[in-house]
Amino acid sequence: MKLPTRHFPAVLLLAAVLPAQAAVNFRTQLWPIFAKNCVDCHRAPYKDPAGKVIEPKGRLRLDGAGHIMKGGSDGDAVTAGDPDKSSIYARILLPPDHEDVMPPKGKGKLLSFDESELIKQWIIEGANFGDWVGAADGTGAVAVKKVTKAVDPLAAGAGPAPAAAQDAIRKLGALVTPIMTDSPLLRVEWISGASAVSDKEVAQLTSIGGNIAELDLSDTKITDEALATIGKYPRLNWLNLANTAVTDAGIAHLKGLTHLSWLNLHSTNVSDSSLAILTPLRKLRQVYLWKTRVTPGEATKFAKTIPDLKVTLD
Ligand code: HEC
């Protein structure tokens with residue numbers, strides 16, 4: 001059995017050693033890419049030398065923020081937060097001889113890897129145009145996002161965690177990283193030295209408790225007492241308690257964590273009575289219960305109480 005760990009992108013690991021990366025700036029980083037590679041075919045209608053009106057291809061204009069968000073004949077070209085559902089990104093990734101690739105086959109140079117990554121990152125960050133507007137004619141009431149934060153409902157209402165508080169926690173040996181570029185939400189974990197971490201260290205996390213979305217306390221010395229604090233983090237969504245001394249009494253403190261979607265309890269002392277506590281947490285999607293006192297019959301019943309919940313017992 002492989003321990004259920006989470007694979008997170010290398011970029012998050014890098015974030016720990018590099019200064020926080022700035023969000024993609026549409027005006028200075030993306031507009032030049034679109035202007036050079038796309039806008040010839042995706043701009044306002046114009047007359048060719050013979051006087052014929054040339055419409056934007058696919059009815060998609062890429063020369064203004066409102067036009068980009070309005071989309072083309074196939075609908076939306078950008079779905080903020082979801083590059084795969086954004087045709088301006090999906091189409092540039094197609095194989096060079098695909099009939100839908102952009103720019104079309106033989107009609108321009110494919111974008112470089114770095115250019116397409118920038119577009120992807122911009123979409124992930126919420127498709128924010130910043131101070132760039134571009135052509136604004138005829139876009140009507142199309143909403144253009146100007147927020148500077150990534151679109152993440154979990155982050156709603158969260159201000160940035162005070163830098164001094166974050167530093168104090170780093171001094172405890174923890175790795176504290178934003179879950180996404182510019183997100184106020186944090187991931188806290190101990191990459192090394194976990195076995196020295198106790199309830200005392202966890203108590204100090206309270207100063208940034210409102211910002212912690214992901215917390216890895218696996219292989220630490222924590223007890224149920226730590227869970228009394230953790231149960232008050234309003235945005236906690238991912239929690240790893242594997243291989244710790246927590247019991248059902250500790251799990252009882254987690255009953256207010258309505259955003260919790262991923263929970264690892266493998267190699268702990270929890271039993272069937274923890275499942276009743278977790279059942280009201282409707283956002284749970286994955287719970288690991290390997291090497292616990294939970295019985296297979298109750299685990300199966302529990303998995304059926306929440307839609308799309310996956311329970312792993314072995
Ligand atoms: C030489 C002209 C040309 C260039 C340059 C070009 N496109 Fe297109 N584009 C087209 C044509 C023609 C269509 C409509 C046919 C189709 O859907 O494949 C289209 C359609 C699209 C669509 C689908 C619009 C819809 O809703 O139907 C997207 C998205 C798109 N292009 C993005 C881009 C991007 C991003 C670039 C620059 C990287 C680009 N295009 C460069 C000609 C071009």
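Analyst: A residue is called buried under 20% relative accessible area, exposed over 50%, and partly exposed in between (1.4 Å probe, protein chains only). Threonine 312, for example, has a relative accessibility of 17% and therefore counts as buried. The model is predicted, so that local features need pLDDT of at least 70 and side-chain atom pairs count only at pLDDT 80 or more, while totals for chains, interfaces and linings use all residues. Residues are numbered from 1 along each chain as its sequence is written, and side-chain values use heavy atoms, with hydrogens and water left out.

The part to examine is the second largest pocket, where the ligand sits. A pocket is an open set of points on a 1 Å grid over the protein atoms alone, reached by a 1.4 Å probe, with protein on both sides within 12 Å along at least five of seven lines; its lining residues have an atom within 4 Å of a point. A molecule sits in it if more than half of its atoms lie within 2 Å of its grid points. The space in this pocket is about 660 Å³, a volume being what is filled by probe spheres set on the points.

The lining consists of 29 residues, and those nearest the pocket centre are His42, Lys57, Leu60, Arg91 and Met102. Two elements, α2 (26–37) and α4 (87–90), each give two or more residues to this lining. Helices (H or I, at least four residues) and strands (E, at least two) are DSSP runs numbered from the N terminus. The largest share of the lining comes from α2, with 3 residues. Sorted by class, the lining holds 13 nonpolar, 8 polar and 8 charged residues. Here Ala, Val, Leu, Ile, Met, Phe, Trp, Tyr, Cys and Pro are nonpolar, Asp, Glu, Lys and Arg are charged, and the others, Gly among them, are polar.

Around the ligand itself there are 20 residues, with Cys38, Cys41, His42, Arg91 and Met102 coming nearest; a residue belongs to this group if one of its heavy atoms lies within 4 Å of the molecule. The shell divides into 9 nonpolar, 6 polar and 5 charged residues. Histidine 42 has a polar side-chain atom at 2.8 Å from a nitrogen atom of the ligand. A polar backbone atom of aspartate 74 lies 2.8 Å from an oxygen atom of the ligand. Such polar contacts are pairs of N or O atoms within 3.5 Å; within protein, one must be able to donate a hydrogen and the other to accept it, and residues adjacent in sequence count only if both atoms are side-chain atoms.

Lysine 57 belongs to the loop between β2 (53–54) and α3 (65–70), and it counts as partly exposed because its relative accessibility is 44%. Its C-alpha atom is 9.9 Å from that of alanine 44, 13 residues away along the chain. Methionine 102 is joined to proline 103 by a cis peptide bond, with omega about -10°. Proline 103 has its place in the loop between α4 and α5 (113–124). Most residues other than glycine have a negative phi, and most peptide bonds are trans.

Some further residues complete the introduction. Serine 267, in the loop between β7 and α10 (272–278), has a positive phi near 55°. Lysine 291 also shows a positive phi near 55° and is found in the loop between β8 (286–288) and α11 (296–305). Lysine 291 is exposed, because its relative accessible area is 55%.

Asparagine 264 is part of strand β7 (residues 262–264), and with a relative accessible area of 0% it is therefore buried. The side chain of asparagine 264 reaches the backbone nitrogen of histidine 266 at 3.0 Å. Between the C-alpha atoms of asparagine 264 and valine 311 there are 9.9 Å, although 47 residues separate them along the chain. A polar contact of 2.9 Å links its side chain to that of glutamine 286. Finally, aspartate 224 lies in helix α8 (residues 224–230) and is buried, since its relative accessible area is 19%. Aspartate 224 is 25 residues from alanine 249 in sequence and 6.6 Å from it in space, C-alpha to C-alpha.
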